[in-house]
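Biologist: Please take me through a close look at a single part of this model, and show me how that part sits among its neighbours.

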Amino acid sequence: MAIAMAWHKPDNVAGSSAPAIMVGLFVACGGLLFGYDTGTISGILAMTAFREQFSTGYTDPKDRRPNVSPAQSSQIVSILSAGTFFGALLAAPLGDKLGRRVSLIIAVAIFSFGVLLQTLAMHIPILISGRFFAGLGVGVISVLVPLYQSEMAPKWIRGTLVCAYQLAITTGLLLAAIVNIITESRDDTNAFRIPLAMQFVWAGILLLGLILLPETPRYLIKRNRHTAAALSLSRLRRLDITHPALIEELAEIEANHEYELSLGPSTYSDVFLGSPHLGRRILTGCGLQMLQQLSGCNFIFYYGTTFFERINIRNPFVIQLITNIVNVVSTLPGMVLVESLGRRRLLMIGASGMAVCQLIVACVGTALPDSYVANVVLIAFVCFYLFFFAASWGPVVWVVTSEIYPLKVRAKSMSISTASNWLLNFAIAYGTPYLVGDSPGLNLQAKVFFVWGAFCVISLAFVWCMVYETSKISLEQIDEMYERVDHAWNSKSFQPSWSFQEMRDEGASASGIQLTEHEDARRRTGTSASAAESGTTMTEEDKIIAQLGDVDMSY
């Protein structure tokens, strides 16, 4: 009931949001690919069949049985993150050149090739190659799915739809845990081949859907395909192409893009040095993505099964399944609270809760090693930690980084901030066996949670100082907020005072740069007088639209 109320369309919003919601939820299934792959490798590393097949002579000192060495384990797990790092950087030129939708289709194809190599692999080099290509595809998807969702979603539910991407990741982790439990007792290579091959199912479903989905209106405006943008927005909002509300939204997108172009061309240097405050925005995005990884989430997802084994917890596969169930269920409150509480407050609550849980696990695990009580406390507070993470930092980081960048550098900025996520993901995946392993390694065991807890405390301070509240305003109005609000902690009280469409109708940008006659002629709203002034350059469609008069229907 609470979710249904949170998803209730405001009365002043025309048309239907159902098509956009359905498209956003379906595209979010791209998160299944990453979540399932992450969860699969966590369980596969502990399977007897896998250890015997891929061991190169190393004997695990814990149980005196064949296994891959800590170095090999690091390479197998972390190479996916190396692939995602390069895939995230590749996403910007692909997404800007070919479009969000076509680029996603290419990414799914690359991912499927990597899955094929993993499924056929009987030796570590081929397995590593497959995981790299799978990571390359996941990296592109991780940038373009939130980007696609934010560009086509109505503002009143934009955050919730982007959160659905994280829900898909957690669902993938849960599905992987279930499949691992079903197959781990097999004594042949199908024990690990079946979980790996199941990835073809998720990739195939996503591929079929992407063939049918529309391109985002904002990308089409960026490519000067105005008619196609109007048709796409009409399909997403279920409104006629001449409906005043649709015209108003499209006009604001166009005016914002023209304003951005009036400031100069889009380059990678603009990502760091552009206006308004793009350097602050990229620092915010990269900081959030890196701190998400440093909160310790992927330590549990990548190595949870083997870590639980090392601290003598029985049935580690079952414990990993329980943590994944908690992860999925806890994402649902976040999908509602991201709009009602807002991005900023939810991130601060989440960071506080995660820090407390991590530090309790570290203290108890260090003071009472190898005790039943310590193990119960560890499992309980790992679950509490996952609740706070899944309801806040898991989904909301993707929401914020998909919203805060202007259209002309959005793909580039998202690719850089997402690449920073994968860079830290790689470092954690590669370094964890050395942090908690017996030989070689620091053998930190539960002490590693002191590290994650400290970064959670840093995360709280970072959000207070850097993260602006972006809920309930359009992507175009976020630019105005960064121009007018000096400090993040004052952003909650921001109210938009003008629109880019008004600026364009006045013939000037906020920077004082006069817009061109061509840009002025592309007005989508206005009085009959304004239509007469530009009648010589307006198309028939523009004349009809201009006759509708002034409209003010906010999305």
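Modeller: Of the 555 residues in the protein chain, 61% are buried, where buried means under 20% relative accessible area, exposed over 50% and partly exposed in between, using a 1.4 Å probe and protein chains only. This is a predicted model, in which local features need pLDDT of at least 70 and side-chain atom pairs count only at pLDDT 80 or more, while totals for chains, interfaces and linings use all residues. Residues are numbered from 1 along each chain as its sequence is written, and side-chain values use heavy atoms, leaving out hydrogens and water.

The chain has 26 helices and two strands; these are DSSP runs, helices being H or I with at least four residues and strands E with at least two, numbered from the N terminus.

Let's turn to α9, which covers residues 190-197. Its buried residues are Ala-191, Phe-192, Pro-195 and Leu-196. Looking down the axis of α9, you find them within an arc of 120°, so they line one face of the helix; the arc is taken from the directions from the helix axis to the C-beta atoms. These buried residues pack against α3 (30-44), α4 (48-54), α6 (100-120), α8 and α10 (199-212), with contact meaning heavy atoms within 4.5 Å.
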